[in-house]
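Here are some notes to read with the structure open beside you.

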Amino acid sequence: AQRPRMAAMEVDAEAGTLQLYQRDVNCLSDDDRTTRRRALTRLAASVSTLASDEAAGMQTLAALWEQSLRAPLLKLLADPVEKNRELALALTAAVLEALPQPVIRASLAHVAPAAAARLSSSAAAEPTEELRLELLRLLGTLARRAGTPLSVYLPEIAAALRAGFADPFPDAKKAACSLCVQLSDVLAEHIEPHCAMLARALLPALAHQHSRVRTAAVEALVALLLREPSALAELGPQLALLATDRASSVREQAVGSVARLLAEMPHREANTARLLPHLLCALSDEVESIRSLAHTSLARLGGATDVAAQRVQPLAALAPDLMAAADAATFDGAPPEAADARGEEAARVAAAAAAAAAPPFPPELAETTFAAAPPAGAAGLVACELHRLLPPALKELSDWTAKARIRAADTLAGTLWLVGPAATDHLGPLLAALSKTVEDSDEGVARQVRRCAQLVGRSCDLAVYVPLVLDQLRAPSGAALVGSAATAGCGGNSAGGGADFLRGGGHSRMRPAAVTVLEGAETDAGAIGRRAGWLSLLGELLAGATAEQLRPHLSALLATVARPVFCVPGRASDDDAGASFAATQLRLCSFLGQLISSAGAACASGDNGLLLYSALMRVASVPSSAQHGFASQRRAIECLSAMAAAVDGGSAEALHAVFLPPLLAQITAGETYKSWKVDSAEWHLFQALCRQAGGATCARVLLLLLPPLAAVLSPKEEPTLRLTALSLLDSLLSAEGFLAAPEWAEMGEHVLAAMLLPNAVWRAGKPAEHVRLASYSCVQKLLSADAISGEQLGAHMGGALPLLVAGLDDDNVESRRIACVILATALRRLGPSRVSHEQMRQLYPELTKRLDDASDGVRVAACVPLVAMLEQVRYSASWSEAHNFDRTNFGYFVNGLLVHLDDPDPEIQAAVAEVLERAAPIDPPEFCSLVRAVRGRHRSSKLCDALLENAGGHTGGTLV
């Protein structure tokens, strides 16, 4: 009887206690907003007091919550007054924190739907962002305190989460992500049906402008994917963007998350090829901590996986997009089991190579993650997935955005570093893709692609990739690569380059030997531009090669680039094509310079030396223009000097002396020079050889030089061609040692008669005028040397003198001046015995006529041949066959000179006086008579008197 009485007393006491708060509870439903707010404030203080008493207070609070407070308080979550909603939400959170778990679980049916409804996108949604944040935190409290029973309300909470992911308030997004992580842990067995939908809803948060939101979203995404990985195919691209996010904190979070997924995700074998690229890309991150995290994660994953025993999952277990890629990459239409076996073999090869890797490393890899040996376990893991990793990376390498290309290049670099020689089976599409991005417009992409090429060159055998690249360099103009490389989507900056591959459009084996060319696919400029990429790629592939490794391949390498049409236009090209040629020539010079540096004397001597010399001289011979400059020509000359230094420190002259004769013999074989035009590549090469080799070297091959020169100097050829040939011959005749060749004793007269005099014939037009001038210049230099004897010259003087005399009356003042010099030299070379009476009569009137020339320089120059003519006089007062000058002609000659003795120009007076002084001894009496006859008509008789006095000395007395 006592116990029921005490229980009744306790119930009465509890009811009395609850009665203390009933007035405030009733006020929660009052129409006055102020009354409701005051009631909430008082109840918050009361709850705080009750929560502090862990015994009676908690019991009272539970009774108050269940019997009277819960319903009106939850109703106030939708109060029209924001302050009241805020107080109600805070009071609800405080009560839930204090209540025991059984009471909370009993209240879930009331609290969870009410809170979720305020977060949905319906009309009942909470408009205030701070209160939405608190509602999400309230749901987090429920998840933490209630546990598994909350799973009944997961549909409502999932809707609230989706609304939270899309909330414009960043803090609400972060709270929603945290709640998602919490639910994934607490309700791991129940949340799986909602994971895919929630993961898709996370997409806006993954791309949010705030890095902390993106970090929280990555954490939530990983938590969802660990429960249900099916959404990874759809969210993979976004995860890839996060792995290369602009914020280092987001990248670090993404890398750690990917590592966790690879380690813990169910059925991870089906998604390894999708997740591994993010870790591989992070190996090239600019932040050291991220690189280290990626490296450590890969090493841990590789160490935890027995690759040798691992079997790749059947294709049916893969996601659909990976199935297509794997099917397309199945070589030769082989069954999946064969591809898996090759993957395991590649894993063993890569692991062994990683364990044996040792320096030296190529210079581009210095101070990078790739300058050390990769973890063997990770190498095997990546190599096993290589046939699935490569196609997406190569496709993205041709993306139109630089960010995507740099991401693909980073991924490819990490992949190639790890797989090592296992990449050999994929060299066809791999090299094709690298060749088109090695000169990318973005420097970051180009730098990373160069590293990829160096990794391939270091790991794979030269005997495999060198023939592949050479096949592309030998491809004729207008050829394009087709087959495995094209179907792998490896080309250019075309966004759809690899679509066929990913659709499984072919089963071609990506073997190194597969190279096919398609005629007519490109223009000349396109083909040459393509060669530039392959040249740059080849240079990077060979960057770390030693002289011993290069030696077996030097002949093939040099024979390919030394071909006449490799990067030298056969005829003049337009600006676009010229730019392509100029760029390729620069790449060629860089490659050859690298080859000289690496191989040394092995490529600079013997047959290899001739090929290298030929390639460099062809580049040096290309005529340039203002648009393209002379960079490639200068670089080729620098490489020639380096080549000479590689051969026992010799000079470029010694190099020319060795290789000029065989190269000249090659380009002149079969008399192909007869078809040379002014823009022919072989003619340009001929000129460059002659100009660079020097006079002494060219003198040794004189008999090889003269036939081509004679052919291009034929009067039937166009003036421009003859002008360039005469310019070349002029420079040779001026070069030291060229005229010292003993063959000149025989060939000099033939050069004069067959090559120079025909070009001195007058023809109308400015081009012909320039040709005559160049011809006169060459004749002058040829006669100034001892290449032609007087006897030889006399044999041709009958035809030469009219041309030289005609030159005295040429329109070009320089031609007239040089003609005077030539006549002076020729007359002295002939001597008195070979100058006939007729030639003297033909010559002196034309020379004295030049004293009236419009140019004072020509007038002075005309006095020189006049003096030379007087030196060749065989005088007789009357005409005689034994003599070449008589008194009549002497009188005409002196009278013609005396007119100019009174010239206003003192320089002309002095020059004419010198000629007259030379004439006086020929016939002094006649000379004095002629001078006295004009003495009185001169403005000054000083010069006449001097001449008379000088003439008197020749007669033995004074003539007055």
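1. Let's start with Tyr673. Is it buried or exposed? Its relative accessible area is 9%, which is under the 20% limit, so Tyr673 counts as buried. Keep in mind that this is a predicted model, so every value here is computed from predicted atoms.

2. Trp676 is buried too, with a relative accessible area of 3%. Across the structure there are 12 aromatic pairs, and Tyr673 with Trp676 makes one of them: the ring centres sit 6.1 Å apart and the planes meet at 75 degrees. Why is the pair called edge-to-face? Because that angle is over 60 degrees, the cut-off for this label. If you're new to this, a pair of aromatic rings is described by the distance of the centres and the angle of the planes.

3. Next, have a look at Tyr844 and Phe885, another edge-to-face pair, with 5.8 Å from centre to centre and 85 degrees between the planes. Which parts of the chain does this pair tie together? Tyr844 belongs to helix α42 (residues 837-849) and Phe885 to strand β4 (residues 885-886), so the parts being joined are 41 residues apart in sequence. Both Tyr844 and Phe885 are buried.

4. The axes of α44 (residues 887-901) and α46 (residues 924-935) come within 10 Å of each other and cross at roughly 35 degrees. The crossing is right-handed. Sorted by class, the contact has 7 nonpolar, 2 polar and 2 charged residues.

5. Now for charged partners. How many salt bridges does a search of the whole structure find? The count is 39. Take Arg132 and Asp167, whose side chains meet at 2.5 Å, N to O. Arg132 sits in helix α6 (residues 129-146), while Asp167 is in the loop between α7 (154-165) and α8 (170-186), so to speak a link between distant parts of the chain, 35 residues apart. Arg132 is buried at 12% relative accessible area, and Asp167 is buried at 5%.

6. The salt bridge of Glu286 and Arg251 spans 3.8 Å, N to O.

7. Glu671 deserves a stop of its own. You'll find Glu671 in the loop between α33 (652-668) and α34 (681-693). Its phi is near 55 degrees, a positive value in a residue other than glycine. The side chain of Glu671 forms a salt bridge with Lys674, at 2.7 Å, N to O. Glu671 is partly exposed at 42% relative accessibility, and Lys674 is exposed at 54%. Elsewhere, salt bridges that share partners join Asp809, Arg816, Arg850 and Asp853 into one network.

8. Last stop: Leu542, in the loop between α26 (524-541) and α27 (547-550). Is it buried or exposed? With 1% relative accessibility, Leu542 counts as buried. What does Leu542 touch, leaving aside its neighbours within four places in sequence? Its contacts are Leu462, Tyr465, Val466, Leu550, Leu557, Phe591, Gln594 and Leu595. Leu595 is 53 residues away along the chain, and its C-alpha atom is 8.4 Å from that of Leu542.

Technical notes: Residues are numbered from 1 along each chain as its sequence is written. This is a predicted model: local features need pLDDT of at least 70, side-chain atom pairs count only at pLDDT 80 or more; totals for chains, interfaces and linings use all residues. Side-chain values use heavy atoms; hydrogens and water are left out. Axes are lines fitted to C-alpha atoms, for helices over the stretch in contact, and angles run from 0 to 180 degrees between N-to-C directions. Helices (H or I, at least four residues) and strands (E, at least two) are DSSP runs, numbered from the N terminus. A crossing is left-handed if the near helix is turned anticlockwise from the far one by less than a right angle, and right-handed if clockwise. Ala, Val, Leu, Ile, Met, Phe, Trp, Tyr, Cys and Pro count as nonpolar, Asp, Glu, Lys and Arg as charged, and the others, Gly among them, as polar. Rings of Phe, Tyr and Trp (its six-membered ring) pair if their centres lie within 6.5 Å; planes under 30 degrees apart count as stacked, over 60 as edge-to-face and the rest as tilted. Buried means under 20% relative accessible area, exposed over 50%, partly exposed in between (1.4 Å probe, protein chains only). A salt bridge is a side-chain nitrogen of Lys or Arg within 4 Å of a carboxyl oxygen of Asp or Glu. Contact means heavy atoms within 4.5 Å.
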